[in-house]
Amino acid sequence: MKVLILNGSYRGANGYTAFLAGRIADGVRSADGEVETIHLAACTLRRCTGCFSCQRADRIGHCIWEGRDDASRIFEAMRAADVLVFASPIYVFHQSSLMHQLFDRYLGTCDSQAFHFTRSGLFFHQVDGALCAKPFVTAFCQDNLETWTHRSAMNYYRIYQRFMDAPWVGKLVRPSGGRAGHGRADAVLADAPAVNRIHQAWQEAGAALVKKGRIPRSIERRANRPLVRIPWLVRCFMHVPAFRERASRRIQDMMAP
């Protein structure tokens, strides 16, 4: 099995997203799978301008930027893979604009005037199934501990799954990234067993992709385990200003790496 990891972090190979993607890659290799990681920040990706040149009868499927940036190369790598991993930090409640910039270029790979019904029963235009309908995993990381922080990104892929007829075979989320130390071995791995176990679960997720073709829920639960929890009783009193201020300071101390 070949797994392609697309890292949408603007920090490229240096961020916590890349660190977590590396754990997935380690797992894939440990199960004798093949893995490639593309850091979008290191690529040249021109924005779709909405010119619709790619939709002219004589140019269907050919973007004006074809051969002038890395989109075609990335798309070929996606077509050659068996499973895709969309890895991104959460920026302002969503995945990075780098990942969206890549998806916007899908327009240059399809015929937007040829319509059909998806397997999920939605009316949509033709897509390149070898590119868009691949089984995929989402892998998000964020500094905030709230599940609301990544909810928009998760909803996006729920829609993506249905319109693209793409099986969603794994959902990984790492909240409280700052608490995890952003993968700094000297700050975390030597003295934080809980974080070590989480990173190990991300590696097991990569191995499961090769062995099972999906990430089991049991591994997802361990990989997504919160490092900081807001107790239910604290939530109940959050409407009290004085209590809220004290609780905020306490949680801030807990979130510090």
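Modeller: Happy to! Helix α5 supplies five residues to the lining of the second largest pocket, the largest share. Keep in mind that the model is predicted. The elements that give two or more residues to this lining are β5 (123-125) and α5 (151-164). The volume of the pocket is about 250 Å³, and 15 residues line it, with Tyr106, Phe124, Tyr156, Tyr160 and Met164 the closest to its centre. By residue class, the lining divides into 12 nonpolar, two polar and one charged.

Let's look at two of those central tyrosines, Tyr106 and Tyr160. Their ring centres are 6.5 Å apart and their planes stand at 45 degrees, so the pair is tilted; a stacked pair would need planes under 30 degrees apart, and an edge-to-face pair over 60. Tyr106 sits in the loop between α3 (97-104) and β4 (115-117), while Tyr160 belongs to helix α5, so this pair ties together parts that are 54 residues apart in sequence. Both partners are buried: Tyr106 has a relative accessible area of 7%, and Tyr160 has one of 5%.

Tyr160 has another aromatic partner in Tyr157. Here the ring centres lie 5.7 Å apart with the planes at 55 degrees, so this pair is tilted too. Tyr157 and Tyr160 are three residues apart in helix α5, which means about one helical turn separates them. Tyr157 is buried as well, at 0% relative accessibility.

One aromatic cluster is formed by Phe75, Phe86, Phe103, Tyr106, Phe136, Phe140, Tyr156, Tyr157, Tyr160 and Trp168.

Of its 257 residues, 49% count as buried. Among contacts between residues at least 6 apart in sequence, 76% join residues at least 24 apart; the link between Tyr106 and Tyr160 likewise spans 54 residues.

For another space to look at, the structure also holds one cavity of 30 Å³ or more. Lining it are 14 residues, and the closest to its centre are Cys48, Thr49, Cys51, Cys54 and Cys63. The volume of this cavity is about 90 Å³, and its lining divides into eight nonpolar, four polar and two charged residues.

Methods:
Residues are numbered from 1 along each chain as its sequence is written. This is a predicted model: local features need pLDDT of at least 70, side-chain atom pairs count only at pLDDT 80 or more; totals for chains, interfaces and linings use all residues. Side-chain values use heavy atoms; hydrogens and water are left out. On a 1 Å grid over the protein atoms alone, a cavity is a set of points where a 1.4 Å probe fits but cannot get out, and a pocket is an open set with protein on both sides within 12 Å along at least five of seven lines; lining residues have an atom within 4 Å of a point. Grid points are joined across faces, edges and corners, and a volume is the space filled by probe spheres set on the points. Ala, Val, Leu, Ile, Met, Phe, Trp, Tyr, Cys and Pro count as nonpolar, Asp, Glu, Lys and Arg as charged, and the others, Gly among them, as polar. Helices (H or I, at least four residues) and strands (E, at least two) are DSSP runs, numbered from the N terminus. Buried means under 20% relative accessible area, exposed over 50%, partly exposed in between (1.4 Å probe, protein chains only). Contact means heavy atoms within 4.5 Å. Rings of Phe, Tyr and Trp (its six-membered ring) pair if their centres lie within 6.5 Å; planes under 30 degrees apart count as stacked, over 60 as edge-to-face and the rest as tilted.
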